Amino acid sequence: MAKKSGRSPAFEFEFSGAELKKLLDKEPAKVVFTVSVEAVDKKGGGQVGALTIKAKGLSASGKPVTRADNGIDGGPKPPGLPN
């Protein structure tokens, strides 16, 4: 009998349910989640790479669902960036 492999999440991000609902109410053809790495300052000096995530609604042609659609930021879980 084959052993079942265990899974553990590598990264988790949280989004506001209300903000995601606003995005989905625009009825996008697709929702794209973009993960980026940005440099943040550490409390003791220096910098470290931190992951960020943004959700955007796109039309069938791949354009943002509204002109002002800059997307919705997700937050890392646990919250907060390194200080």
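Select K21 and D25 to start. Their side chains form a salt bridge, with the closest N and O atoms 3.0 Å apart. This is a predicted model, so treat each distance as a value computed from it. Now show helix 1. K21 and D25 both lie in this helix, four residues apart, which is about one turn.

How many salt bridges does the structure hold? It holds three. Two are still to visit.

**Next stop: K22 and E19**

Select K22, then E19. These two form a salt bridge as well. Draw a line between the closest N and O atoms: they are 3.3 Å apart. Where does this pair sit? Look at helix 1 again, residues 17–25. K22 and E19 are three residues apart there, so about one helical turn separates them. Is E19 buried or partly exposed? Its relative accessibility is 34%, so E19 counts as partly exposed.

**Last stop: K54 and D73**

Which elements hold the two residues? K54 lies in strand 3, residues 47–58. D73 lies in strand 4, residues 72–76. The pair therefore ties together parts that are 19 residues apart in sequence.

Keep the surface on and check each partner. K54 has a relative accessible area of 30%, so K54 is partly exposed. D73 reaches 54% relative accessibility and counts as exposed, because the cut-off for exposed is over 50%.

Methods
Residues numbered from 1 in each chain as written. Predicted model: local features only at pLDDT ≥ 70, side-chain atom pairs only at ≥ 80, totals over all residues. Heavy atoms only, no water. Salt bridge = Lys/Arg side-chain N within 4 Å of Asp/Glu carboxyl O. Buried < 20%, exposed > 50% of the residue type's maximum accessible area, 1.4 Å probe, protein only.
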